[in-house]
Amino acid sequence: MGVDVIVVGAGVAGLAAARALVLAGQDVVVLEARDRIGGRTWTDTALGVPVDLGASWIHGVDGNPLWALAPAFGIDTVEFTVGSFQFDGRPIAWHDPTGAALQDPAVSSFVDDLHTVDRLLDGAVAAAAPGVSYAEVVAAVLSSLGWSGDRALRVSEYLAHRSEDLCGAPVTDLDAHGLEEEHVPGDEVVFPRGYGQYAAALADGLDVRTGAVVTEVAQNDERVRVTTADGAVFSAASAVVTVPLGVLQAGDVVFDPPLPDPVAGAMGRLGFGVYDKVFLRFPTRFWGSDWVIRQQGPAGVDWHSWYDMSRVTGEPVLAALVGGAGARRLERLTDDEIVTEGLAGLRHMFGGAVPAPQAVRITRWAADPFARGSYSYLHVGASTDDHDLLGTAVGRVQLAGEATWGDDPATVHGALLSGLRAAGRVLGRPVSAAALAGAVPAA
């Protein structure tokens with residue numbers, strides 16, 4: 001089959017690229033390995049209400065193309081700004097290592113400590129030598145303050161959880177500059193009907209072939225040939241490959257000729273983290289009115305953050321978000337074992353009367369062969385330039401996706417913008433996100 005452009009992957013990056021190209025008059029086919037579209041955006045209704053198993057938030061609405069597209073696509077949003085950089089200003093319930101709710105003035109003192117360290121981290125990160133981890137920078141700041149004991153431990157564990165939340169990686173694996181990419185302006189929002197609405201809107205009118213597992217991308221001076229696991233062969237003038245970094249690093253897609261430096265070098269240096277979710281739907285909302293519940297100390301090593309999804313779903317649903325080594329450990333357990341651990345963590349805070357959940361949904365992104373993780377991060381030894389280097393065009397082939405977007409990697413809007421960059425290169429002119437709201441002409 002011959003077309004103008006083959007897009008590999010029907011996540012937001014691939015669908016954005018394909019839609020922009022089709023709207024510009026290109027003949028495009030999208031090959032998607034899964035039996036669904038959306039990639040790492042995946043809205044599921046197994047709990048009886050929509051929940052996002054992958055991406056959940058628009059991280060920072062100011063100037064964000066997804067925020068601008070929401071009304072055009074008819075997507076409703078709810079403000080939910082409770083990320084790892086927000087220590088206060090939203091209802092957060094802090095629980096000390098015994099499980100007891102932390103009260104003022106202890107809460108104010110702890111939050112003040114976080115703000116103090118956060119201010120000093122900017123300078124410490126700027127001065128960090130190449131190859132220094134975020135953990136080492138945090139330790140240096142705490143040492144400069146002369147803090148020790150429980151005071152230092154509470155702050156360092158929170159900042160370790162920040163690394164797990166935002167990068168899906170242990171704080172010792174994250175480069176000192178790895179969280180500079182995570183500062184985004186404006187409030188954050190979520191979607192009562194799910195992030196999957198974006199994929200559905202972007203895919204409308206496109207030729208998307210699901211169940212097409214791409215195994216090889218070969219090119220010469222004239223054409224690109226893409227082969228799938230069932231032996232189907234597609235030919236085009238150009239190809240945009242948007243599979244996740246974890247799939248690329250595993251060698252699941254063979255490139256002929258092999259990807260050269262700087263693309264291959266960047267691919268090897270960047271990290272790919274794991275971030276999983278445990279959704280529990282309860283008969284009642286026993287946890288009160290707080291938006292997020294945070295557990296300090298040993299009981300919160302993996303179960304440190306619970307989010308009240310009733311703000312989004314209208315039903316009593318809690319979501320535990322677990323990243324890094326904790327997520328990889330949980331993926332080796334059964335669903336029953338995970339629920340038992342999660343309930344133990346909740347009962348540590350709220351007592352033995354916490355009921356059993358009525359429904360459960362658990363993700364395992366590392367075990368997913370078409371993801372092999374959740375999103376990219378700056379591994380120790382990587383450079384902030386490596387994301388964009390990964391997106392360098394190689395002849396008739398280029399990579400797109402969140403891992404290739406240097407300004408805001410590990411975000412859905414970064415994925416979308418990378419897809420538009422790829423489409424613009426094919427067309428020889430820039431493509432705006434606003435254009436995606438246009439209707440695809442009938443075939």
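Q: How many bridges join strand E15 to strand E16?
A: Three bridges join E15 (residues 292-295) to E16 (residues 305-308), and the two strands run antiparallel. Keep in mind that this is a predicted model.

Q: Which residue in E16 is the bridge partner of Arg294?
A: Ser305 is the bridge partner of Arg294.

Q: And what is the strand order in the open sheet?
A: The order is E6-E15-E16-E17-E14-E18. That makes six strands, with mixed pairing.

Q: Which are the edge strands?
A: Strand E6 (92-95) and strand E18 (359-362). Each of these pairs on one side only.

Q: What does the twist average?
A: From one strand to the next, the twist averages 15°.

Q: New topic: how many aromatic pairs are there?
A: A search of the whole structure finds 17. One of them is Phe73 with Tyr198, which is edge-to-face. Their centres are 6.2 Å apart, with 75° between the planes.

Q: Where do Phe73 and Tyr198 lie?
A: Phe73 is in helix H2 (residues 65-73) and Tyr198 is in helix H6 (residues 196-203). So the pair ties together parts that are 125 residues apart in sequence.

Q: Is Tyr198 buried or exposed?
A: Tyr198 is buried, at a relative accessible area of 1%.

Q: Why is the pair of Trp303 and Trp306 stacked?
A: Because the ring planes are at 15°, with the centres 5.6 Å apart. Both residues are buried.

Q: Which residues form an aromatic cluster?
A: Trp57, Phe80, Trp291 and Tyr307 form one.

Q: What lies over the face of Phe80?
A: Arg311 does, at 5.4 Å from the ring centre. Arg361 lies over the face of Trp42, at 5.5 Å from the ring centre.

Note on methods
Residues numbered from 1 in each chain as written. Predicted model: local features only at pLDDT ≥ 70, side-chain atom pairs only at ≥ 80, totals over all residues. Heavy atoms only, no water. Phe/Tyr/Trp six-rings, centres within 6.5 Å; stacked < 30°, edge-to-face > 60°. Helix = DSSP H or I, 4+ residues; strand = E, 2+ residues; numbered from the N terminus. Buried < 20%, exposed > 50% of the residue type's maximum accessible area, 1.4 Å probe, protein only. Lys NZ or Arg CZ within 6 Å of the ring centre and 35° of its normal. Pairing = 2+ DSSP bridges. Axes fitted to C-alpha atoms, helices over the stretch in contact; angles between N-to-C directions.
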